[in-house]
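Hello,

Here is the structure you were waiting for. Please open it first, then read on for what was found in it.

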Amino acid sequence: MIDSKIITIERFLLDTQPHYARGELTGILYDLALAAKIIAAQTRRAGLLGILGFTDNINIQGEEQRKLDIFTDDVIVRLTQRSGRLCAMVSEEREDWIPIPSQYEKGSYILVFDPLDGSSNIDTNISIGTIFGIYRTLDESKRGRLEDCLQPGKNLVSAGYILYGTSTMMVYSAGNGVHGFTLDPSWGEFILSHENIRFPDVPAYFSFNHAITNRLSQPLIAFIDWLQNLQSPLLTHRYVGSMVADFHRNLIHGGVFGYPSSPTKPDGKIRLLYEAAPLAFLAEQAGGYGSNGQQSLLEIKPTSIHQRVPVFIGNRFLVEKAQAFLSNGEQNLTP
Ligand code: AFP
């Protein structure tokens with residue numbers, strides 16, 4: 001017998017759609033939920049990659065063996081491009097933005113995504129994820145242009161991620177709170193498991209790659225030192241190396257994730273358009289904050305689709321403290 005309180009992602013999307021909506025955005029989110037199920041099924045077989053190869057059931061091209069991140073990119077593009085809801089896409093896996101082929105109807109939205117964040121973790125069986133952001137086109141009469149893709153995060157109408165971890169979860173916001181759904185593998189359905197997620201007031205974790213700490217600027221070293229020596233709350237250091245997994249843990253238990261600039265990576269490593277901005281949108285919807293150390297990540301207008309940006313994201317007071325250390329520069333390291 002099925003509990004009447006069980007809410008599927010489809011039910012939730014339909015119930016929470018505003019009355020004036022035409023269903024396009026809901027359709028994109030539902031397409032992404034379907035892509036997530038296909039990708040989750042394949043990531044579960046990742047350990048067999050070397051043995052079985054990737055001549056999979058989906059077999060979009062039908063021929064060659066492909067890597068999981070390319071497969072993931074293909075699934076998302078092919079599932080969404082013919083829906084009539086999008087007019088352009090940007091993927092981490094493709095050098096250029098992706099127009100909607102002229103044989104398909106175009107829609108009003110732009111989808112930006114990182115198909116498989118943390119993919120260097122695949123062969124060690126560590127959580128990985130898909131990050132996405134959805135913008136509205138700047139000009140409904142046109143088919144989609146580069147400038148439609150290069151919008152600041154404050155223009156996002158929706159963003160989210162799919163976490164392929166011990167469970168598969170889809171977490172999204174359409175500007176009305178952050179909601180999490182867990183995939184029940186036996187039913188093949190995403191079920192509402194985390195409604196209206198908020199960063200807890202008292203954080204538990206900080207997540208930085210400590211290997212580079214001593215190469216950072218003095219204000220950054222001072223900030224990380226401050227995090228390490230905080231007594232109330234006492235923070236634990238945890239760093240997965242998959243930003244989605246680090247972000248998700250910190251969202252549930254409170255904390256801050258950072259990938260700052262360093263001498264070898266002056267702009268950090270994280271991509272603004274399809275990694276940092278969507279997670280900053282979620283953070284703000286959950287009561288947190290995302291910054292490049294100077295300003296909100298949502299205020300930065302990308303100048304190119306693969307632009308990198310330093311990132312501090314999590315509980316607002318922790319991210320604001322990073323900003324305070326950085327704005328004081330080398331002069332005063334006790335803001
Ligand atoms: P990959 O997708 O190449 O594994 O990179 C993942 C990532 O962009 C982000 O998810 C991690 O937080 C970050 O890199 C880890 O980078 P470091 O290994 O340099 O700490």
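**Pocket, ligand and backbone**

By class, the lining of the largest pocket has ten nonpolar, twelve polar and four charged residues. Keep in mind that this is a predicted model.

First, the pocket itself. The volume of the largest pocket is about 600 Å³. Its lining counts 26 residues, and Thr43, Arg44, Ala46, Asn125 and Ile128 are the closest to its centre. Three elements each supply at least two residues of that lining: helix H2 (24-43), helix H4 (68-80) and strand S7 (179-184).

Besides being among the lining residues closest to the pocket centre, asparagine 125 has a positive phi of about 65°, although it is not a glycine. Asparagine 125 sits in the loop between strand S3 (109-117) and strand S4 (128-136).

Next, the ligand. There are 13 residues around the ligand. Which of them come nearest? They are Asp117, Ser120, Tyr239, Met243 and Tyr259. By class, the shell holds four nonpolar, six polar and three charged residues.

Here are the polar distances to ligand oxygen atoms:

- Tyrosine 239: a polar side-chain atom lies 2.5 Å from an oxygen atom of the ligand.
- Methionine 243: a polar backbone atom is 2.7 Å from an oxygen atom of the ligand.
- Lysine 269: a polar side-chain atom lies 2.9 Å from an oxygen atom of the ligand.

How much of the ligand does the protein bury? Taken alone, the ligand exposes 490 Å², and the protein buries 79% of that.

Now the charges. Side chains of opposite charge can pair when their charged atoms come close. With a cut-off of 4 Å between the side-chain nitrogen and the carboxyl oxygen, the count comes to eleven salt bridges. One of them joins aspartate 73 and arginine 94, with the closest N and O atoms 2.8 Å apart. Aspartate 73 lies in helix H4, while arginine 94 is in the loop between strand S1 (86-91) and strand S2 (98-99), so the pair ties together parts that are 21 residues apart in sequence. Helix H4 also supplies at least two residues of the lining of the largest pocket.

Which residues does a cis peptide bond join? Serine 232 and proline 233, with omega at about 5°. Proline 233 is placed in the loop between helix H6 (218-229) and strand S10 (236-237).

Best regards

Technical notes: Residues are numbered from 1 along each chain as its sequence is written. This is a predicted model: local features need pLDDT of at least 70, side-chain atom pairs count only at pLDDT 80 or more; totals for chains, interfaces and linings use all residues. Side-chain values use heavy atoms; hydrogens and water are left out. A residue is near a molecule or strand if one of its heavy atoms lies within 4 Å of it. A polar contact is a pair of N or O atoms within 3.5 Å; within protein, one must be able to donate a hydrogen and the other to accept it, and residues adjacent in sequence count only if both atoms are side-chain atoms. Accessible areas come from the Shrake-Rupley method with a 1.4 Å probe; for residues, only the protein chains shown count as cover. Ala, Val, Leu, Ile, Met, Phe, Trp, Tyr, Cys and Pro count as nonpolar, Asp, Glu, Lys and Arg as charged, and the others, Gly among them, as polar. On a 1 Å grid over the protein atoms alone, a cavity is a set of points where a 1.4 Å probe fits but cannot get out, and a pocket is an open set with protein on both sides within 12 Å along at least five of seven lines; lining residues have an atom within 4 Å of a point. Grid points are joined across faces, edges and corners, and a volume is the space filled by probe spheres set on the points. Helices (H or I, at least four residues) and strands (E, at least two) are DSSP runs, numbered from the N terminus.
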